[in-house]
Amino acid sequence: MKKVKSKIEKLDIILVFLLLILIIVFLSIYVKTNSKVDENTSEKKFTVVKESEKQQITVPQTDEEIIKKLSTQGEWDRMDYYCGVYFKHLAEKEYESAYNLLYSEFKEKYFPTLETFREYVEKTYPNDFSWVDDDITRQGNIYVLKVKLLDTKGTKDNEKSQRIVLKENNYNDFVISFQVI
């Protein structure tokens, strides 16, 4: 009787283990089939489907989609988005794209060439940084954001504050300048 019971326990353990492996395989297949990527465009468009809500959420990629989304947002969210675009270019070392966002008179005064801008960025910003909005004020059609720049691989001692000045001409049409530190 004891031998039969021990064989049953071993068989149960093996069956449970196989069941877990099958569940993992099916879940990975499910995730791959339900996250869609449009491979026909140069920009990736990710769609997430929430089963419980039967609602589709699409991350905007084209200018038209971005403008539509920005038109529904408040000032703080739009300025946060613009600031994020600028910092994303810096983080990915897309210096020319970030440079092209700069206000022309600001660019002429502080960074007459792309090379001077690149040198400033590499000297001023850590390799891995993040930023946090501290405050935002509006002065006419100019927005001033006070942000904290955090070195994600450093200490809190490396934290810097910087003022970012944004002028929104229209949705997703903006220029940026900042406090040179």
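Leu 18 is partly exposed, at a relative accessible area of 45%. Partly exposed means between two cut-offs: under 20% relative accessible area is buried and over 50% is exposed (1.4 Å probe, protein chains only). This model is predicted, so local features need pLDDT of at least 70 and side-chain atom pairs count only at pLDDT 80 or more, while totals for chains, interfaces and linings use all residues. Residues are numbered from 1 along each chain as its sequence is written, and side-chain values use heavy atoms, with hydrogens and water left out.

**Overall picture**

- The protein has 6 helices and 7 strands. These are DSSP runs, numbered from the N terminus: helices are H or I with at least four residues, and strands are E with at least two.
- Along the sequence, the elements follow the pattern α-β-β-β-α-α-α-α-α-β-β-β-β.
- The protein has 181 residues, and buried residues make up 24% of them.
- The protein exposes about 12900 Å², and carbon and sulfur atoms supply 56% of that area. Accessible areas come from the Shrake-Rupley method with a 1.4 Å probe; for residues, only the protein chains shown count as cover.
- Take the contacts (heavy atoms within 4.5 Å) between residues at least 6 apart in sequence: 39% of them join residues at least 24 apart.

**Confidence**

- The mean pLDDT of the protein is 79, and 78% of its residues reach 70 or more. pLDDT is the predictor's confidence in each residue, on a scale from 0 to 100.
- Confidence is highest in helix α4 (residues 95–100), at a mean of 94. Confidence is lowest in strand β2 (residues 46–50), at a mean of 42.
- Over residues 36–54, pLDDT stays under 50. For these residues the model has 32 contacts beyond four places in sequence.

**The nonpolar patch**

- Leu 18 sits in helix α1, which spans residues 2–34.
- Leu 18 also belongs to a nonpolar surface patch of about 960 Å². Other members include Leu 11, Phe 17, Val 25 and Ile 29.
- Patch residues have over 30% relative accessible area and no salt bridge; nonpolar side chains (Val, Leu, Ile, Met, Phe, Trp, Tyr) are joined within 5 Å, and like charges within 9 Å.

**Paired strands**

- Strand β4 (residues 129–139) and strand β5 (residues 142–151) run antiparallel, joined by 10 bridges. Two strands pair if DSSP finds at least two bridges between them.
- Gln 139 stands opposite Ile 142 in β5. Arg 138 stands opposite Tyr 143 in β5.
- The hairpin of β4 and β5 has 2 residues between the strands. Gly 140 takes a positive phi near 70° in this hairpin.
- β5 also pairs with strand β6 (residues 160–170). These two run antiparallel and are joined by 8 bridges.
- Val 147 stands opposite Gln 162 in β6.
- In a regular strand, side chains alternate between the two faces of the sheet.

**A buried serine**

- Ser 177 lies in strand β7, which covers residues 173–178.
- Is Ser 177 buried or exposed? Ser 177 counts as buried, because its relative accessibility is 14%.
- Leaving aside residues up to four places away in sequence, Ser 177 touches Tyr 103, Phe 106, Arg 163, Ile 164 and Val 165.

**Salt bridges**

- How many salt bridges does a search of the whole structure find? The search finds 5. A salt bridge is a side-chain nitrogen of Lys or Arg within 4 Å of a carboxyl oxygen of Asp or Glu.
- Side chains of opposite charge can pair when their charged atoms come close.
- Lys 88 and Glu 92 form one of these bridges, at 3.8 Å from N to O. Lys 88 is partly exposed at 45%, and Glu 92 is partly exposed at 44%.
- Arg 118 meets Glu 115 in a salt bridge, at 2.2 Å from N to O. Both lie in helix α6 (residues 114–124), and being 3 residues apart, they are separated by about one helical turn.
- Arg 118 also forms a salt bridge with Glu 122, with the closest N and O atoms 2.6 Å apart. Arg 118 and Glu 122 are 4 residues apart in helix α6, about one turn of the helix.
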